[in-house]
Amino acid sequence: MAILERDIMGGLGKGLLVIETFTATRPRQSISEVAEASGLDRATARRCLLTLAHMGYADYDGKYFTLTPRVLRLGTACLATMPLPQLVQPLLDKLSEELGESSSVSILDGPEIVYVARAAQRKVMSIALMPGSRLPSFCTSMGRVMLAALPEEEARDILEAAPLMPRTPFTMTDVDAVLAELERVRASGFATIDQEVELGLRSIAVPLYNARGTVVAALNLGVAAGQLALDELAPKFLGPLRQVQAEVRAMLR
């Protein structure tokens, strides 16, 4: 159904743009910083921020704004309406308990992956991951299996939309190199990452399909780099991951 321009609430759209400027690297921002990040003029950014503060979605100390936990209600409401997290969480819990490793499921949101379910066993990343957490898609194992499921031109458009910023010295940042890696992922049906997201972390991921064979999400396991070599991940974990993959596909009928 086409949405008409006259039916769009511009103010709501601008407010959401402002919320999206707050990230893990920009948790505390001034009005000018939000205006620059959102592309809005300073006066509009100021009104949006003060409205968010008035409604309890932001704190304001007179110079800087930070989001409050109330914002989580928006993401929690979204996750609560999605059947996927509810279906996969028991499977993740069982998988992680059997293997002794942390497992996650995420969906693709343009240049990022969004975690929708997680079962943590041991801490292998410095940041705390939970449903709603986001990471770049180009350098994560889950991101790559989902990018690989897209038409190549669509994947290229996502990769070329913004510079690929390195997270570690091992991060692959050349678009053509990432596309070549996506081709290997398509051929093998899984992706492995060697310390591209964070030093000391290796991971392996497989796509999750619905009954029609469409990739709807991705499943991964993360391990400490000192625990297993990269070429040991598939022999040890691919079988259990594919078992969950098959179970999810049967459930999404």
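The legends below describe close-up views of a predicted model.

Residues are numbered from 1 along each chain as its sequence is written. Because the model is predicted, local features need pLDDT of at least 70 and side-chain atom pairs count only at pLDDT 80 or more, while totals for chains, interfaces and linings use all residues; side-chain values use heavy atoms, with hydrogens and water left out.

**View 1. A patch of positive charge on the surface.**
Lys14, Arg42, Arg46 and Arg47 gather here in a positive surface patch. A patch is made of residues with over 30% relative accessible area and no salt bridge; like charges are joined within 9 Å, and nonpolar side chains (Val, Leu, Ile, Met, Phe, Trp, Tyr) within 5 Å. Lys and Arg count as positive and Asp and Glu as negative, with His and the chain ends not counted. Each charge is placed at NZ of Lys, CZ of Arg, CG of Asp or CD of Glu. Helix 3 (residues 42–54) gives the most to the patch, with three residues. Helices (H or I, at least four residues) and strands (E, at least two) are DSSP runs, numbered from the N terminus. Arg42 is placed in helix 3 and is partly exposed, at a relative accessible area of 47%. The exposure classes are buried (under 20% relative accessible area), exposed (over 50%) and partly exposed (in between), with a 1.4 Å probe and protein chains only.

Glu154 has its place in helix 7 (residues 152–160) and counts as partly exposed, at 39% relative accessibility. Asp157 is 98 residues from Asp59 in sequence, and 36 Å from Asp59 in space, C-alpha to C-alpha. Asp59 lies in strand 2 (residues 58–60) and counts as partly exposed, at 45% relative accessibility.

**View 2. A nonpolar patch on the surface.**
Met9, Leu12 and Leu16 make up a nonpolar surface patch and together have about 320 Å² of accessible area. Accessible areas come from the Shrake-Rupley method with a 1.4 Å probe, and for residues only the protein chains shown count as cover. Met9 lies in the segment before helix 1 (10–20). Met9 is exposed, with 60% relative accessible area.

**View 3. The aromatic pair.**
One aromatic pair turns up in a search of the whole structure. The pair is Tyr60 and Phe65, which is stacked because the ring centres are 4.0 Å apart and the planes are at 10°. Rings of Phe, Tyr and Trp (its six-membered ring) pair if their centres lie within 6.5 Å; planes under 30 degrees apart count as stacked, over 60 as edge-to-face and the rest as tilted. Tyr60 is partly exposed at 40% relative accessibility, whereas Phe65 is buried at 0%.

**View 4. A salt bridge between Arg28 and Asp61.**
The structure holds nine salt bridges, each defined as a side-chain nitrogen of Lys or Arg within 4 Å of a carboxyl oxygen of Asp or Glu. In this view, the side chains of Arg28 and Asp61 meet at 3.6 Å, N to O. Arg28 belongs to strand 1 (residues 28–29) and Asp61 to the loop between strand 2 and strand 3 (65–67), so the pair ties together parts that are 33 residues apart in sequence. Arg28 is partly exposed at 47% relative accessibility, and Asp61 is exposed at 51% relative accessible area.

**View 5. A salt bridge between Arg144 and Glu196.**
The side chains of Arg144 and Glu196 form a salt bridge of 2.7 Å, N to O. Arg144 sits in helix 6 (residues 141–148) and Glu196 in the loop between strand 7 (191–194) and strand 8 (201–209), so this bridge ties together parts that are 52 residues apart in sequence. Arg144 is buried at 1% relative accessibility, and Glu196 is buried at 7%. Eight of the eight residues of helix 6 are buried, so helix 6 is largely enclosed by the rest of the structure. Among them are Met142, Val145 and Leu147.

Glu183 and Arg186 form a salt bridge, with their closest N and O atoms 3.0 Å apart. These two residues are three apart in helix 8 (residues 175–188), so about one helical turn separates them. Glu183 is partly exposed at 46% relative accessibility, and Arg186 is partly exposed at 29% relative accessible area.

**View 6. A network of salt bridges.**
Asp109, Glu112 and Arg134 are linked by salt bridges into a network.
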